[in-house]
Amino acid sequence: MTTFDFGHGPVEVKRHMNPDGTEGGWVTVTAEVDSTCYIGIDAMVYDNARVYGYARVYDKALVSGNAQVSGNALVTGNARIFDNARVFGNAQIYGNARVFGDAQVAGFAQVFGNAWVFGDAFVFENAWVFENALVYGNARVYDKAQVYGNARVYDKAQVYGNAQVFGNAWVYDYAWVFGDARVSGEAQVS
């Protein structure tokens, strides 16, 4: 039996065998990874996490808790997917990004840099959340919207269309930012 300590004491682990026959990263016996998935040698899947479909987890990325990564999703860099988060479709999470809580990232959405998506937030379609942006609560970011800089989108706010929220802007409560709108600087929209 091989064990590894993910920070809460040693647990039984095995190396994932990638579809191309290469040895992959560590997977705990409590986690599930389909044989169709690729897990990089330094990546880890643990706790009760599940990686399935044709998902790929590379570099030093971690998937843990009850998180699910599926479809053709890509998690790479130092990204962390945990709690009950779901990443699916063709979504990409990379850099130092975090997706956690009950958050979901789907479609062709990208979360990268130091961005966090958490709570019950949903980022989907072709939306991007990046740099140091935070999307949380029950917020929705979709279509081709972008949230970046130090911006925050939270509560039940929605950002969609070709809208951009950036700088130190906050969009919250029940606010909707859409079309070609730009919210920037120190603006607060509620």
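Predicted model: local features only at pLDDT ≥ 70, side-chain atom pairs only at ≥ 80, totals over all residues.
**Entry 1: the chain as a whole**

I began with the secondary structure, and I found zero helices and 30 strands in the protein chain. I then looked up the extent of the C-alpha trace, which spans about 55 × 30 × 20 Å along its principal axes. For the radius of gyration I noted 17 Å, which agrees with the value near 16 Å that a compact globule of 190 residues would have. Turning to burial, I noted that 48% of the 190 residues in the protein chain are buried. The exposed surface comes to about 8600 Å², and carbon and sulfur atoms supply 48% of that area. I also looked up how far apart in sequence the contacting residues lie: among contacts between residues at least 6 apart, 1% join residues at least 24 apart.

Leaving out residues up to four places away in sequence, I found Gln158 touching Arg140, Tyr142, Ala175, Trp176 and Val177.

A further open sheet of nine strands, again with parallel pairing, has the order S5-S8-S11-S14-S17-S20-S23-S26-S29. Strand S5 (38–39) and strand S29 (182–183) stand at its edges with a single partner strand each, so one side of each is left without a neighbour in the sheet. Here I picked out strand S20 (residues 128–129) and strand S23 (residues 146–147), a parallel pair joined by two bridges, in which Trp128 stands opposite Gln146 of S23.

I next followed the antiparallel pairings of strand S2. Strand S1 (residues 2–5) is joined to strand S2 (residues 10–17) by four bridges, and the two run antiparallel. Thr3 has Glu12 in S2 as its bridge partner. Four residues lie between the strands of this hairpin, and among them I noted Gly7, which takes a positive phi near 115°.

Strand S2 is also joined by four bridges to strand S3 (residues 23–28), again in antiparallel fashion. This hairpin has five residues between its strands, and Gly21 in the turn has a positive phi of about 90°. Arg15 stands opposite Trp26 in S3, and when I looked at the side chains I found the charged end of Arg15 over the ring of Trp26, 4.1 Å from its centre.

**Entry 2: aromatic rings**

How many aromatic pairs does a search of the whole structure find? The search gives 21 aromatic pairs. One that I examined is Tyr94 with Phe112, a stacked pair at 4.8 Å centre to centre and 0° between the planes. Tyr94 lies in the loop between strand S14 (92–93) and strand S15 (98–99), while Phe112 lies in the loop between strand S17 (110–111) and strand S18 (116–117), so the pair ties together parts that are 18 residues apart in sequence. I looked up the accessibility of both partners: Tyr94, at 25%, counts as partly exposed, whereas Phe112, at 15%, counts as buried.

I then turned to Trp116 and Phe118, whose pair is edge-to-face, with 6.1 Å centre to centre and 80° between the planes. Trp116 counts as partly exposed at 37% relative accessibility. Both rings belong to a cluster linked by ring pairs, which takes in Phe82, Phe100, Trp116, Phe118, Tyr136, Tyr154, Trp170 and Tyr172.

Notes:
Residues numbered from 1 in each chain as written. Heavy atoms only, no water. Phe/Tyr/Trp six-rings, centres within 6.5 Å; stacked < 30°, edge-to-face > 60°. Buried < 20%, exposed > 50% of the residue type's maximum accessible area, 1.4 Å probe, protein only. Lys NZ or Arg CZ within 6 Å of the ring centre and 35° of its normal. Contact = heavy atoms within 4.5 Å. Pairing = 2+ DSSP bridges. Rg over C-alpha atoms; globule rule 2.2 N^0.38 Å. Areas by Shrake-Rupley, 256 points an atom, 1.4 Å probe, with all protein chains shown as cover.
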